[in-house]
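Here are a few exercises to work through with the structure in view. Try each task before you read its solution.

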There are 2 protein chains.
Amino acid sequence: MNKVSLVLAFLLSSSSFADEGMWLFNDLPNEYLRDRYSFKADDAWVKRLMQASVRLNSGGSGSFVSSDGLVLTNHHVASDTLHKLSTADRNLIEEGFLARSHEQELKAPDLELNQLVEIVDVSEKVAAAVTPAMSPEHAVTARRAVIAEIEKESLDRTGLRSDVVTLFGGAQYHLYRYKKYTDVRLVWAPETKIAFFGGDADNFEYPRYCMDATILRVYEQGKPAKIENFLPWSDTEIDEHELVFVSGHPGRTQRIFTVEALKYLRDHRLPYVLDYLRRKEVLMQQFGLRGKEESRRAQDELFGIQNSRKAYGGMLAGLQDPKTMQEKVRRQQRVLEAVRSKQPEAAAAWETIARLQQQRVEILDQTSGFRSRLYDLAETLVLMAAEDKKPNSERLPELRVSNRDSLLQDLLSTAPIYNDLEQVKLTDELMRLAERRGGDDPLVVEILDGKRPDVRAAELVFGTKVGDLETRKQFVEVGAPLIDKSEDPMILLARAMQGEYQRLRKIRDELDEQEKQAYTQITEASLAAGSTSKYPDATFTLRLAIGTIKGYSQNGVEVPAWTKMEGIFDYAAKHAGQEDYELPESWQRAAAAIPRGTPMNFVCTADIIGGNSGSPVVNRAGELVGLIFDGNIQSLTADYIYTSDQARAVSVSAAAIRVALEKIYGAPFLADQLGR
Amino acid sequence: MNKVSLVLAFLLSSSSFADEGMWLFNDLPNEYLRDRYSFKADDAWVKRLMQASVRLNSGGSGSFVSSDGLVLTNHHVASDTLHKLSTADRNLIEEGFLARSHEQELKAPDLELNQLVEIVDVSEKVAAAVTPAMSPEHAVTARRAVIAEIEKESLDRTGLRSDVVTLFGGAQYHLYRYKKYTDVRLVWAPETKIAFFGGDADNFEYPRYCMDATILRVYEQGKPAKIENFLPWSDTEIDEHELVFVSGHPGRTQRIFTVEALKYLRDHRLPYVLDYLRRKEVLMQQFGLRGKEESRRAQDELFGIQNSRKAYGGMLAGLQDPKTMQEKVRRQQRVLEAVRSKQPEAAAAWETIARLQQQRVEILDQTSGFRSRLYDLAETLVLMAAEDKKPNSERLPELRVSNRDSLLQDLLSTAPIYNDLEQVKLTDELMRLAERRGGDDPLVVEILDGKRPDVRAAELVFGTKVGDLETRKQFVEVGAPLIDKSEDPMILLARAMQGEYQRLRKIRDELDEQEKQAYTQITEASLAAGSTSKYPDATFTLRLAIGTIKGYSQNGVEVPAWTKMEGIFDYAAKHAGQEDYELPESWQRAAAAIPRGTPMNFVCTADIIGGNSGSPVVNRAGELVGLIFDGNIQSLTADYIYTSDQARAVSVSAAAIRVALEKIYGAPFLADQLGR
């Protein structure tokens, strides 16, 4: 390598860092796009991409891909719905699904899709309501009230879902207005064997061969919705190093975090969460061992748990890398030096954050809820009865008027509830409560009521009526008068937990409030010191990420950017005998029909994180070229630091989806609708 | 039911409690056997059973079943050896094994069998060496010295393995003399599919259908050992309610524990251990997902971990049952009342125990070792170099002269070590150390050496030479001069951990010593108050348990005592599609040849616990009728309380083993040797 190319390599390497960013749609990095990529995102381009992007309340992203309401997302995002639509005799997760007519499309029991329509900066109004002199308790109340007022006023005036979003750790507040779609139907899903090809072993790895895609359709007034802004479809393979965009809803990053806050994650929070996840993983596996139907009932939740366990494990590994922390320390010292020279009093905010982490450690293992659907329903009802007695401005955010429809969408879901699984889950939760608080704790003694956890859980699960939809409808209609008097055992349990719930909620809300104030100061001080990020941490709201299609080097091996559809057959053969690498029959049968060279999966440098799953990847023309479904293991540190040496976002190629529909799933009629 | 049968039922139910007990062979409950069962264990009967019983250093029990050295134990006890004898091309665990001649018998790489020859009460000598006035530190030293002296003197004089065993929590000390067998060879093992039929789901459950049996042979001077005392074999089915005996090595019970000590287990120790086990379970599963060979490498350890996880889970569930703790409180109060009225000062011992539990909580999550074979080897070498410089009487017990042969049997094992698995395990251990101590802890910083845990683990595992047998032999031969100067990275790691190891060892040894003294007082005070158990808690030494063959009632369903061999085919069919219930081909092929009515597994009320696996079950005539391999889930509380309403020991019937050898495994020649 000569000197010129060395310099070039350095430039490429350092400039690739610049693809960092989860950009707000009302504050896109236009200069950067112009300077680095000679790209101008005009208003029409931005509007179409923004309004073609949707958020799913099950926790992922998607996009409109046809004028008559087709939505493309991941199989693993839609799997919550697939699971809820499945029965012992029809396992949609395992078997897949294809509707050959509108009539065959299956309505999701509780899915809500949000399409972002407008963003309004309300920072000043929120900031004016909360003053530094307020106690944390007072500040929580004041902020809650002003946000409730803004949301309510917006909802009343526009009829749109209105959420005030906290940005830059609290330095900015934007009002997001969404059009809601609550009639969402399943159109097509492949088999899990191909959607999650390679299983837990290949999850967060690359190269990959996954058809992690599902197609839904939104309806309005019982008919396929007419969609103005949807994405055109491009089957053309893109050159390496070409520019792409990802428009989706990254769930949460913590890049603003101070070193002390990261150490709290590293030494306390992540180890705690991982213990929790492994516990639930083993529990769900055990339940699944009981039989085929039990395995089906547990599977979707088990996949979710395993996915989280692997993701958090990668995050922790990154934080335990001394080099990561050294880099974070270095950056913080640079900012702090600048801050100290310009406004020394602002440095106290970093100390505040450190102090708050100590308090977080103290309450880390204290929780007041139970991971059980029946308990969640009972808890929501009890909270609703209590909060509805207060003025809207004083209610907990999730129980505000502006959130009521979404809350009821969940509360009145028709999804099945499996009492055998509920009993096992609640048993474990009761055991866990007893472990954390000790068997002699008065709350534990009260709740176990003299019985073994498994016996008590059975009594609760088989005794409650909150699993019955009509009962819940009645509770919702009559409200507090009925709920407060209820002798339903699960409602009684939720009521018994209320004191602890409110106590912990108050502590956490006040910690959050104090962190918001400190991070506001940190953001402002950093900005004044000329050193801050131009994009806020992820908040499960719409963001634009910029990337280039690009392979990488790992352990001295070059990992190419693309895999091809035909490669999956060799890959499966290589893993013969491993269950997670068995191809579904549909693929085995269609092997010869797949056009050689069709791209299957690809990687790019776009800055994504959990929540981005299902995001469209578009080219300069704003055409859909791929579907985000994963990040590689090196990208898991993206939670707190973006890198692009090896970290990559992983997508299904649009071309593969079309080929699969046409050649494998016998659905050319559906392929024909894509992008039209 | 008329009045008479009600009374009878009551008598049966309460008298069945009397089958409690893990009796010392030098203090058998002769009166109880006479009064309840009209049975007299004469000296010849006792001697034969005692000397036919063996202990395996891999952690289980077994028995001599032929005059030429055949040993019967469980497949899951022998699986450690099966694993060590397996390779990528020959998976003995999965495929099973049969030697058709002595030449084909495979030598275990590091198995040691102990046959108890003699028990000598040395309580007075030990008690005389330790006085109440001594500090805990001094007491540890004094007790260690006197025990080392007794063991050394016995070894020198008899040539037998000589272990001083602590009984009744410290109130008695007995010297156990064992004949050792270190040339142990594999004769027959069935496939895991049938040995562990039903897998993790059926583990600790009943009814069962498992052929959890393996046959070994001991050799002396390269020839099958001549065994004087072996068990005759009985294929006759025994009547329900008939008397049986179990002679084996229960590992550990905690029935002497005070209520506060049990609460420490319930609220701290068991939750901690379960978190640890689930962590390792998920880790080993993940490694196994990499491929077939990786799965084989991880499998034996994974099974062991899952077995422990389920066992500890059952123990915790029992302790979390308020009724269990109420019963323990009631019993303790009764003793304490009696003690207070007769020798009030003795009640302080219960308070001492309570205080010591607090100290145990404080150091609960502090460890100094790593779960890695390579690390264990390095640690042993470093400890050996350090301890060998001291006089024998001052050394750590496991490094005494009297233990040296057994230590070397392990240290110089020819068992394969898999570096890929070692790296994964050590990575997890380094991460765990960093989690528990925090990433900034000086020891963590020193040990990670600026690298990510996985990178550091790779450096250690692939850099060390302790995995090489010749290197270890050299270390052992030269000793301290070579070990102390070694720059081997794993040796350096073990040396870096030495300070922490010694610090924690000292704390734990002194806590143990103080508990010994307190439990000695508790035992003596209870005895004086007329209320103590006549048998000591389990200590992984030979005990006799008494039981009756007896079914039980569970959730209103009668569970019969016996299952039949032919029943397994229906049971397998019922679980079609579940991998753990697939019968091996050998059984499918031989189905028609199995005599109908042959008993497969059975349950009895004998008082057993982990370590009893592989124990012979004998009838009044001292003939082998079964092979203990499990306890049901209700028996898991046996750790701290014996019950017999539902708790049962689970055995393979002797008849089934013979039928399997004759009709399924084509080994009538081996069946012919059993009991002869």
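**Exercise 1.** Find the accessible surface of chain A and the share of carbon and sulfur atoms in it.

Solution. The surface of chain A comes to about 26300 Å² (Shrake-Rupley method, 1.4 Å probe). Carbon and sulfur atoms hold 52% of that area.

Before going on: this is a predicted model, where local features need pLDDT of at least 70 and side-chain atom pairs pLDDT 80 or more, while totals for chains, interfaces and linings use all residues. Residues are numbered from 1 along each chain as written, chains are lettered from A and ligands numbered from 1 in written order, and side-chain values use heavy atoms, without hydrogens and water.

**Exercise 2.** Work out whether the radius of gyration of chain A agrees with that of a compact globule.

Solution. Start with the rule: 2.2 Å times the number of residues to the power 0.38, with the radius taken over C-alpha atoms. Next, look at the C-alpha trace, which spans about 70 × 70 × 50 Å along its principal axes.

**Exercise 3.** Locate B:Gly369 and list its contacts beyond four places in sequence.

Solution. First, go to the loop between α13 (348-363) and α14 (373-387) of chain B; helices here are DSSP runs of H or I, at least four residues, numbered from the N terminus. Then pick out B:Tyr375, B:Glu379 and B:Glu429, which B:Gly369 contacts (heavy atoms within 4.5 Å). Lastly, check B:Glu429: it sits 60 residues away along the chain, with 8.7 Å between the two C-alpha atoms.

Definitions and conventions
Helix = DSSP H or I, 4+ residues; strand = E, 2+ residues; numbered from the N terminus.
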